[in-house]
Amino acid sequence: MGKKLTEKQKTGLGKLDNMLDARLETALNSCVHCGLCGTSCQYFLALGDARFIPAHKVDLVASIYRRYHTTVGKIAPKLTGARDFNDETIDEMVDTLFGACTMCGRCIAHCSIGVDIPHVVLACRKMLSEMDMVPKSLMSTVNAALETGNNMAIPTEEFVDTLSWLEEDLQMDLDDDNAKIPVNEPGKKILYTLNPREPKFFPLSISAMAKVFHKAGESWTLSTEMYDVTNYAYYSGNDEHAAIITQRLVDVAVKLGVDTVVLAECGHGSRSHRWEGPNWIKEEYPFRIITTVELLAEYIRDGKIKVDPEKNTMPLTLHDPCNLVRTGGIVDEQRYVLSKTTTNFREMNPYGRESFCCGGGGGNLAMSEYNERRLAIGKLKADQIKATETEVVVTPCHNCVDQLMGLNQEFKIGVEIRTLGEIVADAIVD
Amino acid sequence: MAIKEINGKQYEVDGDGFLQNPADWNEEVAQLFAEDDGTGELTEKHWAIVNCIRNHWKETDMAPPVRKICQETNVRLREIYTLFPMGPARGACKIAGLPKPDGCV
């Protein structure tokens with residue numbers, strides 16, 4: 001028998017007890033160790049460490065399940081490969097399930113029996129979260145969002161000043177005083193959201209979308225109370241925190257009386273707010289919620305904005321955010337938009353549902369602890385980009401943008417990284 | 001926590017290469033960090049931005065928004081991204097010796 005469990009370890013196991021349902025138990029019992037997932041995982045491909053094979057990650061969690069939830073595991077753990085939930089196991093879980101998994105979901109597509117591997121990874125993150133074992137830098141990003149309303153702790157005044165500064169510039173650029181960036185205006189059709197890195201450090205994408213909204217004649221607003229499209233509590237594995245953040249968005253949308261919430265270009269933000277959110281708050285949303293990618297496709301399809309592909313003739317490729325393509329099935333919309341706004345688009349290989357992660361997913365961009373690994377696994381993406389011989393990489397995700405900027409520097413790719421909104425804004429003709 | 005060695009000198013940095021101990025910062029360190037991340041030789045404009053970031057940080061304990069940097073240094077927004085290829089956060093703030101900001105940067 002193993003050592004007596006500490007209170008903290010009991011807390012983690014208690015969380016596992018609570019989470020065990022048919023979905024999780026099926027995932028924990030189904031892996032046949034065929035090994036196909038190995039070469040689907042960027043960590044294993046780039047670093048060659050067998051601990052990073054998705055099947056191994058699943059088994060790490062399943063070995064705990066067997067130890068405490070099966071008869072053989074309880075009596076003779078060694079017979080069934082069950083492990084004690086001790087500090088060594090827990091450290092390995094933090095290292096491989098936070099620090100060596102972007103939850104990109106590529107392994108599910110290649111699993112011979114379709115085990116939802118990231119679901120197992122997330123379940124274990126939830127256990128670790130319950131035990132306060134979330135890596136410090138990821139937790140600090142979640143805490144900033146919970147305490148200040150946005151993950152970069154931007155004060156409201158600073159945010160508002162930045163928006164009016166951008167509005168002034170927009171009016172000059174378009175030579176039109178009616179071009180606005182509306183804030184807290186009730187009764188508008190759309191509530192738009194942002195990734196806090198936009199107002200803080202990269203506001204060109206805000207100006208681009210404001211131009212698109214203006215040219216489309218859209219009725220829209222931002223909110224100072226809740227504009228953050230991210231929800232890092234999804235990655236830290238804390239459903240209560242995630243629900244608080246989701247509820248804020250719902251409350252503001254209801255208060256302002258909008259029809260539609262449009263999520264800024266953000267992979268995990270789209271997944272959290274659109275697909276996970278109703279489960280966290282246990283309620284359907286009383287409004288429509290879509291991603292910016294879908295909105296841009298809609299505007300072009302419906303002729304709300306006029307675009308000319310000749311405005312963007314540089315060779316350009318597209319990086320697909322994992323959460324949009326593999327979770328959300330949003331694959332064709334971004335390609336449709338690029339087909340109408342650019343003339344020299346080249347796919348990476350592989351792309352779409354088979355696409356590799358940028359390397360910064362799963363909260364890894366925020367986790368300084370695993371910086372070296374994050375850049376190392378990004379080499380696959382860097383090589384893919386280089387092979388396209390393009391000048392611009394478009395990606396509808398601000399998190400991917402930052403990781404790609406890092407890869408651009410690290411692997412000397414020599415490209416510019418842009419959002420889809422920026423490409424569309426440049427293609428607009430009156 | 002990690003040790004970063006540039007030109008034979010060692011600095012304590014976080015996993016992302018941001019300086020751990022603010023007291024370690026000086027202009028020579030800034031120049032070394034700039035060469036290390038591909039920013040290159042720091043010009044007068046670079047210094048204006050670095051100093052603006054440091055002043056704001058000393059006053060408020062936070063990095064300034066890029067708007068403030070533009071307004072106080074008269075450098076145009078697009079030019080900031082050219083001056084610092086890693087951007088205002090992983091580029092300029094790191095060179096200015098600030099800790100890594102939270103969020104998607």
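A:Thr260 touches A:Lys189, A:Ile190, A:Leu191, A:Arg288 and A:Ile290, leaving aside residues up to four places away in sequence, where contact means heavy atoms within 4.5 Å. This is a predicted model, in which local features need pLDDT of at least 70 and side-chain atom pairs count only at pLDDT 80 or more, while totals for chains, interfaces and linings use all residues. Residues are numbered from 1 along each chain as its sequence is written, chains are lettered from A in the order in which they are written, and side-chain values use heavy atoms, with hydrogens and water left out.

**Around A:Thr260**

- A:Thr260 lies in strand S3 (residues 260–263) of chain A; helices (H or I, at least four residues) and strands (E, at least two) are DSSP runs, numbered from the N terminus.
- With a relative accessible area of 4%, A:Thr260 is buried, a term that means under 20% relative accessible area, against over 50% for exposed and in between for partly exposed (1.4 Å probe, protein chains only).

**Helix H12 of chain A**

- Helix H12 (residues 204–215) of chain A has 12 residues and reaches 17 Å from its first C-alpha to its last, close to the 16 Å expected, the expected span being 1.5 Å times one less than the number of residues.
- Nine of the 12 residues of H12(A) are buried, so this helix is largely enclosed by the rest of the structure; among the buried residues are A:Ile206, A:Met209, A:Val212 and A:Phe213.
- After H12(A) comes A:Gly217, which has a positive phi, near 65°.

**Where chain B meets chain A**

- The contact takes 29 residues from chain B and 32 residues from chain A.
- About 2600 Å² is buried between chain B and chain A, with carbon and sulfur atoms giving 59% of this area; buried area is the accessible area (1.4 Å probe) that two parts lose on being put together, summed over both.
- In chain B, the residues that lose the most area to chain A are B:Arg67, B:Asp102 and B:Cys104, together 28% of what that side buries.
- There are two salt bridges between chain B and chain A, each defined as a side-chain nitrogen of Lys or Arg within 4 Å of a carboxyl oxygen of Asp or Glu.
- A:Asp402 forms a salt bridge with B:Arg90, and their closest N and O atoms are 2.9 Å apart.
- Helices H3 (66–73), H4 (77–83) and H5 (87–95) of chain B each supply at least two residues of the side that touches chain A, and the largest share, five residues, comes from H5(B).
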